[in-house]
Amino acid sequence: MKDELKKRTIKGPDGFEFEVDPLHDYYCDAPPKVHPPVYVKIVEDLFNWARSESIWILGFGTGCGAIEMRPLMTPRFDAYRYGVQWRPTPRQSNLFIISGYLSVKTLKRVIRSYEQMQSPKYVIGLGSCTINGGMYWDSYNTIKKLDEYLPVDLYIAGCMPRPEALLKGFEDLKKIIRAGEGEGANHYAENFDWYKANQKKVINDWDMPDYNW
Amino acid sequence: MTFEWIKILYALLTLFIVINYGLLMTALVQKIGARVGRRHGIPIYQNYIDLIKNYGLRSSITHGYMFYLAPVFRLSGGVGLLMFVPVIYGSEMFSNFSFAGDLILALYFVFFGTLGMALGAGESGHPYAAIGISRGLSQVTMAELPFALAVFAVALQYQTMSMTEIVAAQQGGVMNWTLFTNPVSVAAAMIGFLGSMMRPPFDLVLAPQEIPIGPPTEYHSSYLALMQTNRVIYPVAKVAIFMNLFFGGAVSWPEFFVKVFFIYLFSAFVGVVFPRFRVEQSIRWFMIWGVPLGILGLVMV
């Protein structure tokens, strides 16, 4: 663990001494909760429809697939027509596209971003690298199966998939959400220990709380 | 003056009409912006869906009391502004709670939401929020100056502080509008208007590529939905003030819709053509172009 994250006593400029425990003070480390669809079915259906028609993507490209997402904003593909928009902050996004290979270093940031997103949230694995490692199958520094670290709702296979494939993927995701099966966040909360064990297995310098939001 | 309870219902009806109009109009303006980029952009009903989705999200977290209150402040700023603006001139139903000195109150309310947002964004603890707020406050303060000068000029010109009377004075033909009787002040006010609409060249507060969306960075779920609701009420209410002061007001809803749309479109047009100003550039721009025009307008009256 880094020195600045350790619990220590600090002397303020006015001579006042106080204790700082960064992991405890700066993060909220309560474990994730399962948020069941508590509403009446018809209301939940309405919400699911709205969720499917208003997909906000976290603008975070993890690998080379990020370059396939950019054309979606341009006149040629124009994903805005389908209610797909990009948000710059995890707080407001619903969909996390893991675009391509995921190095262990990036995985740490991905986990933090994912946990900061608000439920219900969805994950799309883009490209073969997220399924079995793809061309990085024997790399020491990338993860092979994304599904072991985050609950994935949908894979878009290919190396790289074209933007059209992404559009088709969005349409399929919409069907999943509308059917009420996009419960990845709850799945993550239910199997929290398993996911954490897997994550800690590959991330050696684990210097954050177990759940940070 | 006696207070009539039915007025509350009328005011709620106004609010309902304005929310729906605002949702559709902002989507339409966004579509126009997309057409400039040769895209088709969002569907016209997208704002409704976004709103339902954000209200329907299951989890939300908080950073403290002000974090809760900021969207409420902002919404009450927007609704309050709307409530004290005579939306339709000559209509008993839609003149809302306008009274003799409502011009001063409106000027205050224009600023109210920004201040609430500053407190909430400060509490959220995100550095981008703090940067956005400091930029936003300095820029809005500066943009307020030419607008305030223009408002004083108009108040002097018509010798009243009541918006209803100002609109009444402009009735009877296009040539009676403040736009033609006092063009310099209107120009100054429109410069201020550009500065307060959060569109390029003055969208440094949000600056999507630089400090991702600024103040509301930490806002999500229902908080964000409240702010989205306000984002459709507040501009319409603000544009309604401009319409009343400078463009002859409106005597019916269709006239209101058309006028508000075109005044709003003015900022959108400027926005798609010009790139973003830095904050010191925009302040200098307001000082050089806005304030002298405002003073000149005041002197000419």
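I count two residues as in contact if their C-beta atoms, placed from the backbone, lie within 7 Å. I also remind myself that this is a predicted model.

**Chain A, overall**

I started with chain A and found eight helices and seven strands. Its C-alpha trace spans about 60 × 50 × 35 Å along the principal axes. I then looked up burial: of the 213 residues in chain A, 39% are buried. Next came the contacts within chain A between residues at least 6 apart in sequence; 79% of these join residues at least 24 apart.

**Two helices in chain B**

I moved on to α4, residues 102–124 of chain B, and α5, residues 127–158 of chain B. Their axes lie 10 Å apart, and the packing angle is about 175 degrees. Angles over 145 degrees count as roughly antiparallel, so that is how α4(B) runs relative to α5(B).

Which residues meet there? From α4(B) I noted, among them, B:Leu103, B:Leu107, B:Phe111 and B:Met117. Their counterparts in α5(B) include B:Ile133, B:Leu137, B:Val140, B:Glu144 and B:Val151. Glycines take part too, including B:Gly122 in α4(B) and B:Gly132 and B:Gly136 in α5(B). Sorting the residues of this helix contact by class, I have 14 nonpolar, five polar and one charged.

Technical notes: Residues numbered from 1 in each chain as written. Chains lettered and ligands numbered in written order. Predicted model: local features only at pLDDT ≥ 70, side-chain atom pairs only at ≥ 80, totals over all residues. Axes fitted to C-alpha atoms, helices over the stretch in contact; angles between N-to-C directions. Helix = DSSP H or I, 4+ residues; strand = E, 2+ residues; numbered from the N terminus. Parallel < 35°, antiparallel > 145°, perpendicular 65-115°, else oblique. Nonpolar A, V, L, I, M, F, W, Y, C, P; charged D, E, K, R; others polar. Buried ≥ 20, exposed ≤ 12 C-beta atoms within 10 Å, placed from the backbone.
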